[in-house]
Amino acid sequence: MLDVLGHPQRHFASVHVGGTNGKGSTCAMLAAMLRAAGYRVGLYTSPHLVSFCERMTVDGVAASEAAVAAWVARLEEPSILHEASFFEITTAVAFADLAARGAEIAVVEVGLGGRLDATNVLTPLAAGVTRIALEHTDYLGPDLPSIAREKAGIAKPGVPFATTEPDDAVAAVLEREARVRGARFERVDPAGAGDAPLGLAGPHQRANAALAVRLAELVSPAFTVDRAAILVGLASARLPGRFDRRGRWLFDVAHNPDGVRALVAALRASPQPRPVVAVVSILKDKAWREMLELLAPGADLLMLTRAPSSPPDRAWSLEEAGSWARAAGIPVMVEPDFDRALAVAGSRAATALVTGSFHTVGDAMARLPGVAPLG
């Protein structure tokens, strides 16, 4: 498909970012630094919250629906011929859009894994991996070393490859795989960003900031990002749905246990007005029992519901989730109707937390006035 489009990914420089949690935040901070340094910056992340066009931005402006439609039409024949996946088509569209809008450098988030991800057609100036946690074990392998090997698959010969992975054994796997691929491996101190003010909230963002700073340094000499631009980028970066407070509503896309741990740590570090009522919808193939258990101390009530955009074959059983939570002593209400769950939470809470998946946060943002992701 990229050949049909004239290989748009070769028309801009790039930085490639993978990992389990934090890669989107790292990308947002790095893109903000590059913009502060005066460059025209593309950003490709996934999934979206409300509009598909959110996935591809240039200097913070999302792709137009007309442009996306035109690129999809151009790719219809080759995508059918090659039985392309949704994400493969999306990635081709994104690269075409970023190139057409004149991005000088693009910050690209891995979709899933790394080695076999559609974004791995890039030859970036630098690549990075955030921390590794259990996720997508049916695709990436049953344990952390297996997942780390897949994530390290974005390493390229001669290209710097940095990580803030805190676990020595997992970091060793990343290093071994990166070196086999000829990459220049380095392990970054998660506290490397120091006490610089961050636009993204939560203690977990310090490690993401450290990786973003190092990646900004590694794009030199092709791109120069001085200390002033780094500080401006760190302070100005925004990413919808990541400990994102808007009025009484707090949105966080935590969708695995590691993400929920980070959310609860952020709630401890930045206590929110009580009572906190959490509107929660989790996909059934996630570790939802562990997630509910971890989330319970951070909220006064968990309102279990089902996000309308959740794929039907992956939607959790509210009856099973509610029964399990009550048996575990977790204060819950079950409300199958998503709009009703939002209304009840909004009426009862000083802080209404929406979490559990991108579907949950996106569906809520689409329904609540004044909280559109790019608004």
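Author: First the term: a salt bridge is a side-chain nitrogen of Lys or Arg within 4 Å of a carboxyl oxygen of Asp or Glu. The model is predicted, so local features need pLDDT of at least 70 and side-chain atom pairs count only at pLDDT 80 or more, while totals for chains, interfaces and linings use all residues. Residues are numbered from 1 along each chain as its sequence is written, and side-chain values use heavy atoms, with hydrogens and water left out.

Reader: What makes Glu 177 and Arg 181 a salt bridge?

Author: Their N to O distance is 3.0 Å. The cut-off is 4 Å, so the pair qualifies.

Reader: Why is Glu 177 called buried?

Author: Buried means under 20% relative accessible area, exposed over 50%, partly exposed in between (1.4 Å probe, protein chains only). Glu 177 has 15%, so it is buried. Arg 181 has 24%, so it is partly exposed.

Reader: How many salt bridges does the rule give?

Author: The count comes to 16. One of them joins Arg 187 and Asp 168, with the closest N and O atoms 2.9 Å apart.

Reader: Where do Arg 187 and Asp 168 sit in the chain?

Author: Arg 187 is in strand β8 (residues 184-187) and Asp 168 is in helix α6 (residues 168-180). They are 19 residues apart, and the pair links distant parts of the chain. Helices (H or I, at least four residues) and strands (E, at least two) are DSSP runs, numbered from the N terminus.

Reader: Why is Asp 168 called exposed?

Author: Asp 168 has 55% relative accessibility, which is over 50%, so the label is exposed. Arg 187, at 39%, falls in between and is therefore partly exposed.

Reader: What makes Asp 285 and Arg 314 a salt bridge?

Author: The closest N and O atoms are 2.8 Å apart, so the pair meets the 4 Å rule. Asp 285 lies in the loop between β11 (276-280) and α10 (288-295), and Arg 314 in the loop between β12 (301-304) and α11 (318-327).

Reader: How do you know that Lys 286 has no salt bridge?

Author: The nearest side chain of opposite charge, Asp 285, is 5.4 Å away. The limit is 4 Å, so Lys 286 has none, though it is buried. Lys and Arg count as positive and Asp and Glu as negative; His and the chain ends are not counted.

Reader: What is Lys 286 in contact with?

Author: Leaving aside neighbours within four places in sequence, Lys 286 contacts His 136, His 255, Met 291 and Arg 314. Contact means heavy atoms within 4.5 Å.
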